[in-house]
Each structure stands twice: as C-alpha cells, then as structure tokens.
Amino acid sequence: MRLTHLLLGAATAAICASAAQAEDMTIVSWGGAYSKSQLKAYHEPYMAANPGVNIINDDSSAEAVAKLRAMAEANNTTWDVVDVVAADAIRLCDEGLAMEIDFDTMLAAAPDGTSASDDFGDMLVSDCYIPQIVYSTTFGYRTDVAAWNGKEPDDICDVFDLENFPGKRSLEKRPINNVEWALLCDGVAPDDVYEVLGTPEGVDKALAKLDTIKDQVVWWSAGAETPQRLADGEIVIGSTYNGRLFSVIEEQKQPVKMLWDWQVFDLDGWIIPANLSEERKKRALDYIFFATDTQRLADQAKFISYGPARKSSAPLVGKHADLGIDMAPHMPTDPNNAKNTLLYNYDFWADHRDDIDAKFQAWLTK
C-alpha cells in the first residue's frame, strides 16, 4: 500500500511538474467559427505534438495594429503570433512592428519540393506576412422577410434599397468594404473605385451614399455578430466574412442565404511581433512552420469555407469534417460565386487607412 501511495505521489508530482513547465503561447485571431477552425486544424494538433506548449486564444485581431503599437511603446509585447488582414500586415511591417520572414527557410516546402515562396506565389504581399486563407466579405440575408413580398436580393445595391428591401442592416464599424460598395452603388465603375476613393471628394461621396441607410444600420465589430443577428431576426441583411455565413447557413440551418454579388476578396494570415525574445521568436516560428504547411492549410477548409493560400493545398480540400458536404462549392473562389468580385487593394488601404478611418469615425458620430 505504501509503495502504491509513493508511486501515485510520484506520478502526480510528475504531472504537476509537466503542467508547470508548459509554456503559454498567445495566438491572436478573430473569434467565432474562424478561431474554432484554427483550433481544430492548427492549435490542437500542435499542442498534441508539443505538450510543453499551451496555446491561449485572444480574439483581438480587429484591434491588432493599435494594440501592437501600444505594446511596442510600453516595451511589453504579450502576443506571440497574430492573425491579421494583409493591409494591416503591410502597415505593421512598414512600422517595424512585425518580423520579416525568410519564406523559404522559415516555412515548409510543398510536398513535391516546391519552395514556399513559389507555392504561395502572389499571395506574398509583404515581407512580414504569411498568408493563410483567401476569404471574402459579403452579405447574408434572411429568406423569410414578409415585407419583401417574396423577393430576394441578388445585387449588392439591394443593400441600399430600403423601399424594396426594408429592414435593419448590419455593416462593419469601419470604412473598409463599406465605402467601396457605396461607390459602386453610386455609379462609380469598378475599375475606378480606388482612384475615386483616393480623393477627399470620393470619400465624401461614399459617406453620402451610406447616409441613405445609416438610420437602418446596426454596426458590428466582430465577425460573429452578423450571423447571430441574422439567426435572431434582429436584422434582415448584413455583411460579414463568408465563412461565418457558411456556419449559420450550413451548420445552424438558419433561413439565410448568401449574396455573393461584389464580394470583396482579401487575404488573412500571420505575423510575428518584431520585438519578441529569441526564445519566444523560436517558438512562434516553430508554430508557423507547422501551421502553414500544405496539409494544415487544407485541413482548415474542413471546418470553414475559406480557400487555402498555398497552391499545393487546394487539391487537398475535401469534405466538411462534420457535415460531410463538399467544401469546394462554398469557397468564395468558386466560379459560380465569383461572377462579380472586387479585389481588395492592400496598398491603397495601407496608405490611406488612418485618414479614412478618422473621417469615417467622425461621420458615425453625426
């Protein structure tokens, strides 16, 4: 009996020591269905292979630039890996807040030996940025709105049509995408949107169009808000990321459909803060090497309808892990979904984001 107690005591002590030695790694993302897909595809397998690492999720990506600036100013960066959109990565890289990446030594090659830089190709829009997925921001709408008299929106400008499609809308509480859609629906040709938006008059024009629906808008900050509001019937139509809408439509079986018209294509991926200790930097790079290889990026598409950023991952996209449905037709890049698309202009927003943000936030308070 005494030997048993000693053995149990030793085992317990070993477990406690192991837990005590586990190092926390904070990974910042967007929350909701997206963070869940990362948990399943990346975090859980990584922790299983590296029991000395405990990943902590932080859903602060929407404020990543401001928070990383503040952390750097205070010389206290508490984040290890951060998920951001491409334009934010460009800004962080330009400001020296993100670490530069040697893609072909720090990232895994494709299974056939193709270098990471060739496999990611044009997706490598910044020296500090490791792309993860291609996604779109688009609209979902309820299919049971009595006031619509059986009609369903099929054009982006139906979002601005309160006469034929009355009801509350949900738009993101920032200018990106909203001002592009506003200009498109105010008669600006798609090829001219960013040229017009680059002028003060163009921004005013976009805000004037948004004024026409402003009193019917419920603003969102987190991507999970629009799907929940659609499910609750709080709104009739709203923008968010296509993967969040996939979740509410296919997983939750809500009476919601996609409005793909003039979806805005964008990239999402990882940066590593520039001022980490060597130990934390090494750990972050180890995670990135693991999480961005060909199979892992394909695995994320089992849980959410975003296209992997590596060419070699695309053929490996199969069925949803739980639903068993083919995922390819739910991707924003599917030809049936991509008839009218707007390519997000990373360089434009990296250059103009702060100024247009300030003008947009001032407009919100009027």
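Visitor: How much space lies in the largest pocket?
Guide: Happy to start there, bearing in mind that this is a predicted model. The lining of this largest pocket counts 19 residues. The space in the largest pocket comes to about 380 Å³.

Visitor: Which residues lie nearest the centre of the largest pocket?
Guide: Take the elements around it before the residues. Helix 3 (64-73), helix 4 (86-94) and helix 14 each give two or more residues to the lining of the largest pocket. Nearest the centre of that pocket are Ala62, Glu63, Arg174, Arg353 and Asp357.

Visitor: How many residues in the lining of the largest pocket are charged?
Guide: Let us go through the classes one by one. The lining of the largest pocket has seven nonpolar and two polar residues. Its charged residues number ten.

Visitor: And the second largest pocket: which helix gives the largest share of its lining?
Guide: That pocket holds about 260 Å³ of space and is lined by 16 residues, with Gly32, Ala33, Lys36, Ser247 and Glu251 nearest its centre. Two or more lining residues come from each of helix 2 (32-49), helix 10 (225-232) and helix 11 (242-251). The largest share, five residues, is given by helix 2.

Visitor: How many polar residues are in the lining of the second largest pocket?
Guide: The nonpolar residues of this lining number five, and so do the charged ones. The polar residues there number six.

Visitor: Now to helix packing: at what angle do helix 9 and helix 14 pack?
Guide: Two packed helices are described by the angle between their axes and the distance between the axes. Helix 9 (residues 200-211) and helix 14 (residues 346-364) have axes 11 Å apart, and their crossing is right-handed. They pack at an angle of about 35°.

Visitor: How many nonpolar residues does the contact of helix 9 with helix 14 have?
Guide: Helix 9 brings Pro200, Val203, Asp204, Leu207, Leu210 and Asp211 to the contact, while helix 14 brings Ile356, Lys359, Phe360 and Trp363. By class, three of these residues are charged and none is polar. The nonpolar residues number seven.

Visitor: With which residue does Lys205 form a salt bridge?
Guide: The whole structure has 22 salt bridges. In the one formed by Lys205, the closest N and O atoms are 2.9 Å apart, and the partner is Asp186.

Visitor: How many residues apart in sequence are the parts that Lys205 and Asp186 tie together?
Guide: Locate each partner on the chain. Lys205 is in helix 9, whereas Asp186 is in the loop between helix 7 (178-184) and helix 8 (193-197). The pair therefore links parts whose separation in sequence is 19 residues.

How values were computed: Residues numbered from 1 in each chain as written. Predicted model: local features only at pLDDT ≥ 70, side-chain atom pairs only at ≥ 80, totals over all residues. Heavy atoms only, no water. Axes fitted to C-alpha atoms, helices over the stretch in contact; angles between N-to-C directions. Helix = DSSP H or I, 4+ residues; strand = E, 2+ residues; numbered from the N terminus. Left-handed = near helix turned anticlockwise from the far one by under 90°. Contact = heavy atoms within 4.5 Å. Nonpolar A, V, L, I, M, F, W, Y, C, P; charged D, E, K, R; others polar. 1 Å grid on protein atoms, 1.4 Å probe; cavity = no way out; pocket = protein on both sides within 12 Å on 5 of 7 lines; lining within 4 Å. Points joined across faces, edges and corners; volume = space filled by probe spheres on them. Salt bridge = Lys/Arg side-chain N within 4 Å of Asp/Glu carboxyl O.
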